[in-house]
Amino acid sequence: MNRGVLFLSQIKNGKWDITGKSQKSQIWITCIVLVLGACELGFFSLYLSTGSYELGLMAFYLRHPKLIILNIAPIILLCLLLWFIGRRAWLAFLLTSAVSMAYSFAEYWKLMSRSETVYAEELTLIGEALEMSERYISFTRVMYIMIGLILLETLLLLIFFRGRPSGVRLRLLLTLAALVIGGVGYQTIYTSEKVYNSMEVWEALNPWFENSQYISRGGLYPFLYSIQDAIPQKPDGYDKDETEQLLLEYQTDDIPDDQKVSVISIMFEAFSDFSKYTDSITGPDPYAAYHQLQQESYSGNLFTNIFAGGTIDTERCVLTGFSELPNFRTPSWSYARYFSDQGYSINGSHAGYQAFYNRSEVNRNLGLGEYLFFENHYNTLYDGIAPDNVLLPEIARLCQEQMEEGNPVFSYNVTYQNHGPYSATDSYFEEEYVPQGNMSDSNYNIINNYLSGIADTGEQMLAMADTFRGSDQPVILLFFGDHKPWLGEQSIAYAALGIDVTSQNDQSMYNYYQTEYLIWANDAAKDVLGKEFIGEGSTISPCFLMNVLFEQCGWEGPSYMKLTDEVRELIPIVSSNDIFSENQALLTEAELSEKATEAIASMRRTQYYLAQDADGMLPEKG
């Protein structure tokens, strides 16, 4: 009994030593144990960063020691830094574990639910993560093992490994050394594009795709690399006054009063016309209604920056005309602001939650102050996130009400129906659009479940057009898709349909990034504008979609649009993935002509000015 009391007393006072070594030895042994524990955290983090690829991708990581070091070194450094500061190994390890788990679990959940990775910019979207948690978050066996081992090792450090760096001067020196190593390492290695691009991409993934590049580099390392993109960077050669003068060279024109027609824009989740890519659809045509509407519209293709996720990229590129998006934490210019300046009533709807992609705040900064979400409107119309047969009629009703008040309307809306993933185990479709044949049950279900939702969306598009077809109010409908759908890991269902989205050639790139846009006008709008709105448009980046709309309407538009019209003429595809189109060929930026390169540079400088320095306003001539 006395021995037990003595044992506890020694632990409490930090005098008991499992090694029987000197104090100096205790410090070194504790340091080694901490480093080993941090390495374990790093390997757990790497494993969770593989998502559903698991052992295959983990084996790839293990074949590349430099990649392992880049992902684990920051965890080791943080653990030691906290130990130098607080002198308690167990606390340093526990705090480091909490940080590591928070990142690793978030990375895993996002990979599994949306096939997307966590970028530093998304640290600002905590609200969205909380909104999505009930639907997507679940703990795996590996996570429980990780938590259990962390608690066990924390306890062991608390009881047995209590070496503490002593001396204020030594601790200060060690702390400064850790900070310097971390700072220099980040600036010279973790932000280096050369180092990042030197890494291989796992052979099972497409090296041309950003997500493939990211997860092939682990989890923590590419996350740290992405921090620099979360902070607005001035484009090369940017000067605020010079950029303002450049915009002033292009006059902003008003929409003539006798040509003001209402514009209702709707971005459809994961909408894509697969009938262009495959002959596998042999059942009822899921695109029948859409094709009927297409015959009486002006339509073309968007070459988006995203695949199967990242909805807001297309959404905000169209609204702003920007090819590269800032964080929009401050007021920025947008086409919504232009229409508002023209006397239009502005509205918009999204059937989902206002926290998704921080839409409630960002929309206000983009001039969409009156915006309806699930929380403030659609929860009263539908028990859950409103499908298209609820959302589109309500958008039409709200726009009609505003038109009757005497002003034209600009309405910018986003749907949720057809959001993946699509069930691989259950059949929710009533019609068989693609027969099973030799296709697996999972591919068969994924494809037909997706097409079932798309068929209904097409019906709702046509129904909305019918709502305004005979109206005395001139109305234009602008419909477009945000990105291709996610059809299983490694795009397996695309392969089942015979659609190549993985090869390193132009056609595969188009298959991967291409969606549709459609501009429909009722007779009243055609009469007002003297345009037919019939025909086939070119393939463009989302940032040029408003240019095409204004061109079809015969409107001259704002100064920024006129500048980007010149860019569109040279380079109709300007992708943030370093994919550009010049003379009908897909090229990297380094392969562009000198004229095209300068046009891109001017566009980037004006985008930065309008997003960061203009307070949401175009410059006006003095």
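These are legends for several close-up views of a predicted model.

View 1. Eight strands make up an open sheet, and they come in the order 4-3-5-1-6-7-2-8 with mixed pairing. Strand 4 (371-372) and strand 8 sit at the edges, each pairing on one side only. Two helices to look for here are helix 20 and helix 22. Helix 20 packs on the sheet and touches strand 2 (298-303), strand 7 and strand 8, with its direction at about 60° to that of strand 7. Helix 22 (residues 545-553) also packs on the sheet, and its contacts are with strand 1, strand 2, strand 5 (409-414), strand 6, strand 7 and strand 8. The direction of helix 22 makes about 150° with that of strand 6.

**View 2. Strand 6 and its two partners.** Strand 1 and strand 6 run parallel and are joined by seven bridges, while strand 6 and strand 7 run antiparallel with five bridges between them. Ile-476 has Ala-521 of strand 7 as its bridge partner. How many residues of strand 6 are buried? Seven of its seven are, so to speak, under cover.

**View 3. The largest nonpolar core.** This core has 68 residues, and the ones with the most contacts inside it are Ile-264, Phe-274, Tyr-450, Met-464, Phe-468, Leu-477 and Phe-479. Several elements supply at least two residues each, including strand 1 (262-268), helix 17 (388-404), helix 18 (441-469), strand 6 (475-481) and strand 7 (514-521). Which helix gives the most to this core? That is helix 18, with twelve residues. Zooming in on Phe-274, and skipping neighbours within four places in sequence, you find contacts with Ile-281, Tyr-287, Tyr-450, Lys-484, Pro-485, Leu-487, Tyr-494, Leu-497 and Ile-499. Another core, of 66 residues, lies apart from this one, and its members include Leu-247, Phe-322, Phe-339 and Met-561.

**View 4. An aromatic cluster and the Phe-339 and Trp-555 pair.** One aromatic cluster is formed by Phe-322, Phe-328, Trp-333, Tyr-335, Tyr-338, Phe-339, Tyr-344, Phe-410, Tyr-412, Phe-550, Trp-555 and Tyr-560. The model has 40 aromatic pairs. In one of them, the ring centres of Phe-339 and Trp-555 are 6.3 Å apart and the planes are at 70°, so the pair counts as edge-to-face. This pair links distant parts of the chain: Phe-339 belongs to helix 15 (residues 335-341), Trp-555 to the loop between helix 22 and helix 23, and 216 residues separate them. Phe-339 is buried at a relative accessible area of 0%, and Trp-555 is buried too, at 5%.

**View 5. The Tyr-353 and Phe-374 pair.** Here the ring centres are 5.0 Å apart and the planes meet at 65°, so this pair is edge-to-face. Tyr-353 comes from the loop between strand 3 (345-349) and helix 16 (359-365), and Phe-374 from the loop between strand 4 and helix 17, so the contact ties together parts that are 21 residues apart in sequence. Are these two residues buried or partly exposed? Tyr-353 has a relative accessible area of 23%, so it is partly exposed. Phe-374, at 17%, is buried, because the cut-off for that label is under 20%.

View 6. Thr-539 is part of strand 8 (residues 535-540). With a relative accessible area of 23%, Thr-539 is partly exposed. Leaving out residues up to four places away in sequence, Thr-539 touches Asn-301, Phe-303, Tyr-510, Gln-514, Pro-572 and Ile-573. For a sense of scale, Tyr-428 is 111 residues from Thr-539 in sequence and 33 Å from it in space, C-alpha to C-alpha.

**View 7. Helix 23 end to end.** Helix 23 (residues 559-570) has twelve residues, which at 1.5 Å a residue should span 16 Å; the end C-alpha atoms are 18 Å apart, which agrees. The buried residues of helix 23 are Ser-559, Tyr-560, Met-561, Lys-562, Leu-563, Thr-564, Val-567 and Arg-568.

Terms used
Residues numbered from 1 in each chain as written. Predicted model: local features only at pLDDT ≥ 70, side-chain atom pairs only at ≥ 80, totals over all residues. Heavy atoms only, no water. Helix = DSSP H or I, 4+ residues; strand = E, 2+ residues; numbered from the N terminus. Buried < 20%, exposed > 50% of the residue type's maximum accessible area, 1.4 Å probe, protein only. Contact = heavy atoms within 4.5 Å. Expected span 1.5 Å × (residues − 1). Core = buried A, V, L, I, M, F, W, Y, C linked by side-chain atoms within 4.5 Å. Pairing = 2+ DSSP bridges. Axes fitted to C-alpha atoms, helices over the stretch in contact; angles between N-to-C directions. Phe/Tyr/Trp six-rings, centres within 6.5 Å; stacked < 30°, edge-to-face > 60°.
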